[in-house]
Amino acid sequence: MIGNIMKKLLCAAGILAVCNTAAAADPRALVTDVIGTTTPEIFAFDEIDAGTTIVLGASSEVRLTFYPTCEDVAVRGGEIAIFDTHMTIEGDGELLEYIEGNCPSAVKLTESDIINAAVISRAMNVRIDPEISLRPVVGVGGANAGAFHTIIVTGSRGMRVAMPIVGRKGVWPADAEPLKNGKKYGIAIIGDTVKPRVAKVIANSDAPELLVLRY
């Protein structure tokens, strides 16, 4: 099984130059976890452009989702090369896990106050109101992700929940009530030295658990 998956992910060395297509305007992959060192240095919820090669330390592990195909992979060691239409695992890279059809939702945040938020949204396809799971895990991307410390979800009656950001990620508290299916909510990231960034979302029981906040 793993052998078939590797064949699916890898281009033969002899045609590697043909596989290397031009970079697209949108990022091609999302990093969701990093253990150990990489070159260039990457972090959870970084988005990777086509034309990028990530070199992993011998025991380092990276998990990422390739947007065009929604393939989710975990790799140890070797190199991961990101192209426009596919990705490859090269060198001594070991494929630890492979999941098909596992794309997160994503929303682009605006720089605004929490109450009067203009909405700019983007999922894998453009939507007016991106969807959020009823008990979401929320990742924060962007160069200044470390400046934010809290994710706030608000409803028509005020704040529903506050999630601390740990490792660029907030997890819905175990003791908090889930969001109501079909209801609209506001979501914001807060930091002491940066302006809040906000968007609006709709709760959907069928939405992916992971929501990625971009800015």
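**The disulfide and the salt bridges**

Mentor: In this predicted model, the link of Cys70 and Cys103 is left-handed, with -105° about the S-S bond. The two residues belong to distant parts of the chain, 33 residues apart, since Cys70 sits in the loop between strand S5 (61-66) and strand S6 (71-76), while Cys103 sits in the loop between strand S9 (94-99) and strand S10 (105-108). Their sulfur atoms are 2.1 Å apart, and a search of the whole structure finds one disulfide. A disulfide is a covalent bond between the sulfur atoms of two cysteines. Cys103 counts as buried because its relative accessibility is 13%, and the cut-off for buried is under 20%.

Strand S10 also holds Ser105, which is buried as well, with a relative accessible area of 4%. Leaving aside residues up to four places away in sequence, Ser105 touches Glu131, Pro208, Leu210, Leu211 and Val212.

Now to the charged pairs, for which a search of the whole structure finds seven salt bridges. In one of them, the side chains of Arg28 and Asp84 meet at 3.1 Å, N to O. Arg28 is buried, with a relative accessible area of 14%.

Another salt bridge joins Arg63 and Glu97, whose closest N and O atoms are 2.4 Å apart. Because Arg63 lies in strand S5 and Glu97 in strand S9, this pair ties together parts that are 34 residues apart in sequence. Arg63 is partly exposed, with a relative accessible area of 22%, and Glu97 is partly exposed too, with 34%.

Strand S9 takes part again through Glu94, which pairs with Arg76 of strand S6, 18 residues apart. In this salt bridge the closest N and O atoms of Arg76 and Glu94 are 3.2 Å apart. Arg76 is partly exposed, at 29% relative accessible area, and Glu94 is partly exposed, at 38%.

Conventions:
Residues numbered from 1 in each chain as written. Predicted model: local features only at pLDDT ≥ 70, side-chain atom pairs only at ≥ 80, totals over all residues. Heavy atoms only, no water. Disulfide = S-S within 2.5 Å. Helix = DSSP H or I, 4+ residues; strand = E, 2+ residues; numbered from the N terminus. Buried < 20%, exposed > 50% of the residue type's maximum accessible area, 1.4 Å probe, protein only. Contact = heavy atoms within 4.5 Å. Salt bridge = Lys/Arg side-chain N within 4 Å of Asp/Glu carboxyl O.
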